[in-house]
Amino acid sequence: MSGRWRSAVTAAALVALAVTVPAPPAPAANPIVTHVYTADPAPLVVGNTMYVYAGRDEAPTGTNNFVMREWRVLSSTDAATWTDHGARAGVGTFPWAGADAWASEVEPRNGRYYWYTSVNGRGPGWMDIGVAVGDSPLGPFTDAKGGPLVSDSTPNSSGLNIDPTVFTDDDGQAYLYWGGYWGVRAAKLKPNMIELDGPVVTPQGLTNFWEAPWMFKRNGLYYLMYAANDTNGCVTDSAYACQRYATATSPLGPWTHRGVVLDRVSSTTNHAGVVQFNGQWYIVYHNADAPGGGNFRRSVAVDLLHFNADGTMRKVVQTTTGPPPNPGGGTPGPPAGTNLAPSATATTSYVSPWESVAALNNGGVPANSADRSNLAYGNWPQQGTQWVEYTWPSARQVNRIATYWFDDDQGIDLPASCQVQYWNGSGYVPVPGQSSCPVAGNTYNVTTFGTVSTTRLRLTVTARSGLSTGLLEWLAYQP
């Protein structure tokens, strides 16, 4: 949300969007841009680029109210250096709107990009949710509907219809969450993305919800993050807010509260989004840390987000440096040759309930050792030596393997050592002439040995002290 106070902007303040020239990339630091004030960020990854859609704070110094008339687009190919593409939509994008370019989010669908916005519709009530659409992440964007998607006249609408977040599930069903003044709401969207599909519902279990929902999915679990302003472990002054989150096994809940992921920031409002980019998770939020900043002159910041092995989120460490560069695209593909792993059955001494042994030979190409996009195998909380094994229905000739180790920085780490063994008909023995068994992160580690003919191949992995181990891919090659 853009705040708890109604903006003083009027219809007379509407301005046409000017043609803008992208600002040169800004060096890595938080806030990520400081030549303008930006707020209510919504991240989106398209290809090798992370986009952030944000409102622009224009309040003059000493003005204790929001002045917001446009939405801007920022982008980065490494999550550290950012380009400001200028205003790509504004209040004037919606002929039926009057003021208040508040929080927004962009959701792709069928090659188009739908920009859901909080805007004063000049009709009955106050804030509405509008939808603009464009053919690229940078637009141009035009009004997609000719009127609000949600307004005060929508049955069971929120007490304040702001802060839309849209999530599209794996089956193609899209969901809209929104609301302020403690009034969280949700509804399905039709495939055209500009009509509600069924009734508006009130999600249950979102402890101390105030505003600013953000929904995403990770490893089959749904997450809803939101701003809260309670003094029960959130903030000490209810004029400020933290970010709480809840999880569910279905997109409409019911939700189970999990805790605080982002503590109070330097501005009274606290609005954030979460995204995975180049194998790493990030949180994008705003604060008042830019020169001359304040509660109505906020700026977007980006920091790393980490998950625990059980799927809960670690509390974010707010930094002034921002995350390190993560350009992606630097990881080479798997080694050349005929990989026998896909035809094998994978088993293990232990796999964590939330991971999968199927990750070993599912053909994924990891971006880095923290990449979960193609499943991951891990054996947390087990320590010491564990093993993974391939079994074929008939003998195969094998003379090398390649391992891509999993390292989530949350208890699963790169191993201390590993060894390849094969079944000789009566038991497991070391493969002959094994080279070193490398344990480097973010790459395929190749181990060679004399050719063996076997129906079973085993990799024993010894963890570092106090840690567990994991793999993203394990390839086995014929000569």
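Student: Why is Asn219 called partly exposed in this predicted model?

Tutor: Asn219 has a relative accessibility of 42%. Buried means under 20% and exposed means over 50%, with partly exposed in between, so Asn219 at 42% counts as partly exposed.

Student: Where does Asn219 lie?

Tutor: Asn219 is in the loop between strand E12 (211-218) and strand E13 (221-228).

Student: What makes the phi of Asn219 worth a remark?

Tutor: Its value is near 50 degrees, which is positive, and Asn219 is a residue other than glycine. Most residues other than glycine have a negative phi.

Student: Which phi does Leu375 have, and where does Leu375 lie?

Tutor: Leu375 is not a glycine, yet its phi is positive, at about 75 degrees. Leu375 lies in the loop between strand E19 (345-348) and E20.

Student: Is Leu375 buried, exposed or partly exposed, and why?

Tutor: The relative accessibility of Leu375 is 42%. The cut-offs are under 20% for buried and over 50% for exposed, therefore Leu375 counts as partly exposed.

Student: What is the peptide bond from Gly139 to Pro140, and what is its omega?

Tutor: That bond is cis, and its omega is near 10 degrees. Pro140 is placed in the loop between strand E7 (127-134) and strand E8 (142-143).

Student: Which kind of peptide bond joins Trp380 and Pro381?

Tutor: A cis bond joins Trp380 and Pro381, with omega about 10 degrees. Pro381 is in the loop between strand E20 (377-378) and strand E21 (385-405). Most peptide bonds are trans.

Key:
Residues are numbered from 1 along each chain as its sequence is written. This is a predicted model: local features need pLDDT of at least 70, side-chain atom pairs count only at pLDDT 80 or more; totals for chains, interfaces and linings use all residues. Side-chain values use heavy atoms; hydrogens and water are left out. Helices (H or I, at least four residues) and strands (E, at least two) are DSSP runs, numbered from the N terminus. Buried means under 20% relative accessible area, exposed over 50%, partly exposed in between (1.4 Å probe, protein chains only).
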